[in-house]
Amino acid sequence: YENSTVNRPLGYPEGMFLGHNLFELIHPDDLARAKEIMEEVLTVPATSHTWELRLRAMDGSLHWMEGTATNLLDEPAVHAIVLNYRDITERKQTETTIDRQHRILTALNETTPVLMGRLELNDVLQAIVIQAARMMDTLDGYIYLVEPGDTALRVEIGIGIFEQYKNFNLKRGEGVAGKVWETGQSLVVED
């Protein structure tokens, strides 16, 4: 059964889900959790479980949905698992933005005293690379400096997997960094 007055945040027309497996709409990374929730709901009659999952809308976009699954299988008038849900995509996007801003501000707060106490360029650069890597949730990072005389770029500081590339040189136009240096333009690498 599907309520005809239900708000349709995913854009599917009324009746489209009848006789279909709703698990097909769940993002693959959330599927195991969704199955756990359903098993918990099916196990104990008259219980409810709250969930947050990503579901695919009719237009193919993903939406964060928050809902409650209630076991009313033992209720003669209902005899079903009842799902109530709402779209929380905007809230999740806001939470992600706030989390990112918090990480940036925390990194800046941690970096400032470190920078103030350092006089050696490499110490300052090391602190900057470490904090930048933290902001990006990685252990790896590096920074190039232009060699005197504008002859090459040199990896001055490398952390994580880039530690082995310290003193590695690039000429203008070589690799991504060399192309940015040559053109003076930012470059986005989609990967």
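Okay, let's start with Arg-103, which is partly exposed at a relative accessible area of 25%. For the cut-offs, buried is under 20% relative accessible area, exposed is over 50%, and partly exposed is in between, with a 1.4 Å probe and protein chains only. This is a predicted model, so local features need pLDDT of at least 70 and side-chain atom pairs count only at pLDDT 80 or more, while totals for chains, interfaces and linings use all residues. Residues are numbered from 1 along each chain as its sequence is written, and side-chain values use heavy atoms, with hydrogens and water left out.

So what does Arg-103 meet in a salt bridge? Its partner is Asp-137, at 3.5 Å, N to O. By salt bridge I mean a side-chain nitrogen of Lys or Arg within 4 Å of a carboxyl oxygen of Asp or Glu. And for helices and strands, I'm using DSSP runs numbered from the N terminus: H or I with at least four residues for helices, E with at least two for strands. Asp-137 is exposed, at 58% relative accessible area. Its phi is positive, near 55°, and Asp-137 follows helix 3.

While we're there, helix 3. It has 15 residues, 121–135, and at 1.5 Å a residue it should span 21 Å; the end C-alpha atoms are 21 Å apart, so that agrees. The expected span here is 1.5 Å times one less than the number of residues. Which residues of helix 3 are buried? Val-124, Leu-125, Ala-127, Val-129, Gln-131 and Ala-133. Gln-131 comes in at a relative accessible area of 9%, so it counts as buried. Leaving out residues up to four places away in sequence, Gln-131 touches Ala-107, Glu-110 and Thr-111, where contact means heavy atoms within 4.5 Å.

Back to charges. The whole structure has 12 salt bridges. One of them joins the side chains of Glu-66 and Arg-86, at 2.6 Å, N to O. Glu-66 is in strand 2 and Arg-86 in strand 3 (residues 80–87), so to speak a link between distant parts of the chain, 20 residues apart. Are these two buried or exposed? Glu-66 is buried, at 17% relative accessible area, whereas Arg-86 is partly exposed, at 47%.

Then there's Glu-95 with Lys-92, at 3.9 Å, N to O. Those two sit three residues apart in helix 2 (residues 89–116), which puts about one helical turn between them. An α-helix has 3.6 residues a turn, so residues three or four places apart point the same way. Glu-95 counts as partly exposed at 39% relative accessibility, and Lys-92 counts as buried at 17%. Both pairs belong to a network of salt bridges that links Glu-52, Glu-66, Arg-86, Arg-91, Lys-92 and Glu-95.

Next, the nonpolar side of things. The largest nonpolar core has 14 residues, and Leu-10, Trp-51 and Leu-55 touch the most other members. Helix 1 (31–43), strand 1 (48–56) and strand 2 (62–72) each put in at least two residues. Setting aside neighbours within four places in sequence, Leu-10 is in contact with Leu-55, Arg-56, Ala-57, Met-58, His-63 and Met-65.

On the surface, Val-176, Val-180, Leu-187 and Val-189 make a nonpolar patch with about 310 Å² of accessible area together. Areas are Shrake-Rupley with a 1.4 Å probe, and for residues only the protein chains shown count as cover. Patch residues have over 30% relative accessible area and no salt bridge; like charges are joined within 9 Å, nonpolar side chains (Val, Leu, Ile, Met, Phe, Trp, Tyr) within 5 Å. Leu-187, in the segment after helix 4 (175–183), is partly exposed at 46%.

Last bit: backbone. Gly-158 lies in strand 5 (residues 153–159) and is buried, at 10% relative accessible area. Gly-158 and Gly-141 are 17 residues apart in sequence but 5.8 Å apart in space, C-alpha to C-alpha. His-79 has a positive phi near 50° and is found in the loop between strand 2 and strand 3.

Technical notes
A nonpolar core is a set of buried Ala, Val, Leu, Ile, Met, Phe, Trp, Tyr and Cys residues joined through side-chain atoms within 4.5 Å.
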